[in-house]
Structures are given as structure tokens and as C-alpha cells.
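Subject: Structure handover

Hello,

Please find the structure below. My notes on it follow.

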Amino acid sequence: SSGINAEWPLRPGSVHPSGVLALSVSRDKTLKTWSLITGKPVHTVNLQTIPDSVIWNTDGSSYAILSDKEILVFQPHSGKPVRNYSSPKRIVACKFLSPTLLVYGGECKDITAVEIETNSVQTLTGHVSRVKSLDFVRSDVKDHYLLISVASDGDIKIWALSQDSHELIGGTTLNNNRPVCMCVYTGEKKYVKQMTTPAPTLKHQVVKKPKKRIKRKVLFANIHAIRGGKSITRKLKHKKRNRIIPLALEH
């Protein structure tokens, strides 16, 4: 694709909730904004550090760039980060659960939940190995979420999480597996119905071209007749385009 530097590998990117724009980062210290309509980059920003990934929040009002032990939160069209979070060890995964609730984890084994407006911090303790991936499902209760985390030893945990509280409510273990990523499927009925319904058969449609209407000009011809030595002028109308029909003279 146009605009990609082939010398540097691309890192995980993120699509804007509107579905029109996308962000991508590369180890050449650049952040690119892409138009998903044209498939071309529309803006490039030089970064100070080597990025690992980028992610939009849930309403597209801000995005976070993960770089080793640091997470920088930006707002569109702002050159400087509005928030900065760090960890003593490498951060592997981060996720926005809402426009202002950010969770991240990695080699520290604990998961950190931050409310970026109030800067309140929660620490979720339970994993004994590095956290590899995070995902979530919205709860039926407003501003409550089910956070799912997976560690490199195959341990999966489910957390009930809100802006000011959390609780470990379940989980399982993948034996003889070493997960590297995870995605949660909610099983929405509308999505399943749409995917299982066969596509309708399309019939070949013949498009008839409309007939062009020709504007015809009304031409006048002066016909001179000679009768009894007098000259008589007559007017004759006809609808033949650019053509005058010759008439016989009267004697």
C-alpha cells in the first residue's frame, strides 16, 4: 500500500469507531492516519520513542500509544500527550473499556485499571505469569464491564470491573497451550442471523437507455409565385431539421 515504509515492520494498528479512519505505528517512530475510503495515508507524525501498538478509545475522542514500559494518551490534533502511564516492567497489552477507562498489563503479572479523567488507579491481582492479552464485554449494569485476561501460562480470568471497584468472578485454564492473543466473541443473535442467512439470488437486470428527444426547429420558407404578372409571397412551415422542401412554382 502507498505510504508504507518497507524497511520497518508495521505494529498492531486500530480502526476508529466511525470506520472511516485507522491508525498505524511503525518501528521507524512514525504514526500514520489512514483513510479507509481511499486506502491512503492522510497524515504522518514523528514519535519520540519506538511504538509497540496503538489503540483508539471506544468513542474515538482519544487514543493510546504503547511503547515498552510506557503508555501515552493523545487526543486527535494534539501534538502532546494528555496522560502518561508507566510500569516497572514491559507492558504487553492495553485496552480501553470506555472513553476514559483504560486497562493494561504485562510482565508485572498484575492488571492496572486507570480512570484517565480522575487518575484513580485499581490493581487487579491474580495471575502468576505475564499478561498477554485483554478484552471485555459490556455488562447489563451501566458503567460495569466484564474484563477477560489471559496469561502466558494459559490462565484465563474474568473480572467484574467498574470505575471504582473490581472483583474476580471466574476463569479457566488452557492446558498445554501458550496463548499469545485473545478475542472475545459475544454471540449476538443479530450477527449470527446475518451470517447464516443465505444471500439472495440476483437477477440480471437489463437497463434500457432513454431515447433522446431531438428538438426540431420550425423553418420558414418564402415561396414566390408568379400569377398574372404579380409576385405573391407565401409562408410554409415544416419540421424537417435543416432541410427546406422545394415547391413547384404556380403558373
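D135 is buried, at a relative accessible area of 9%; buried means under 20%, exposed over 50% and partly exposed in between, with a 1.4 Å probe and protein chains only. This is a predicted model, in which local features need pLDDT of at least 70 and side-chain atom pairs count only at pLDDT 80 or more, while totals for chains, interfaces and linings use all residues. Residues are numbered from 1 along each chain as its sequence is written, and side-chain values use heavy atoms, without hydrogens and water.

Salt bridges

D135 forms a salt bridge with K95, at 3.9 Å from N to O; the criterion is a side-chain nitrogen of Lys or Arg within 4 Å of a carboxyl oxygen of Asp or Glu. K95 lies in strand β9 and D135 in strand β13, so the bridge ties together parts that are 40 residues apart in sequence. Helices (H or I, at least four residues) and strands (E, at least two) are DSSP runs, numbered from the N terminus. K95 is partly exposed, at 22% relative accessibility.

The count by this rule is three salt bridges. Another of them joins D52 and R27, with the closest N and O atoms 3.6 Å apart. D52 is in the loop between β4 and β5 (53–56) and R27 in the loop between β2 (21–26) and β3 (30–35), so this pair links parts 25 residues apart in sequence. D52 is buried at 11% relative accessibility, whereas R27 is partly exposed at 30%. D155 and K157 also form a salt bridge, at 3.3 Å between the closest N and O atoms, and both residues are buried.

Nonpolar cores

The largest nonpolar core has 14 residues, and L97, V103, I111, L124, L134, L147 and L161 have the most contacts inside it. A core here is a set of buried Ala, Val, Leu, Ile, Met, Phe, Trp, Tyr and Cys residues joined through side-chain atoms within 4.5 Å. At least two residues each come from β10, β11 (111–115), β13 (131–138), β14 (144–151) and β15 (155–162), and β13 gives the largest share, three residues. Beyond four places in sequence, L147 has contacts (heavy atoms within 4.5 Å) that include L97, D135, F136 and W159. A second, separate core has 13 residues, among them I55, A64, L102 and I116.

Aromatic pairs

There are three aromatic pairs. Rings of Phe, Tyr and Trp (its six-membered ring) pair if their centres lie within 6.5 Å; planes under 30 degrees apart are stacked, over 60 edge-to-face and the rest tilted. W56 and Y63 have ring centres 5.4 Å apart and planes at 70 degrees, so they are edge-to-face. Both W56 and Y63 are buried, and together with F74 they form one aromatic cluster. F136 and Y145, with centres 6.1 Å apart and planes at 75 degrees, are also edge-to-face, and both are buried.

Cysteines and T100

The count of disulfides, meaning pairs of cysteine sulfur atoms within 2.5 Å, is zero. The closest cysteine sulfur to that of C183 is in C181, 8.6 Å away, too far for a bond. C183 is exposed, with a relative accessible area of 69%.

T100 sits in the loop between β9 (91–96) and β10 (101–106) and is buried at 15% relative accessibility. Its side chain makes a polar contact of 2.8 Å with that of E115. For such a contact, N or O atoms lie within 3.5 Å; within protein, one must be able to donate a hydrogen and the other to accept it, and residues adjacent in sequence count only if both atoms are side-chain atoms.

Regards
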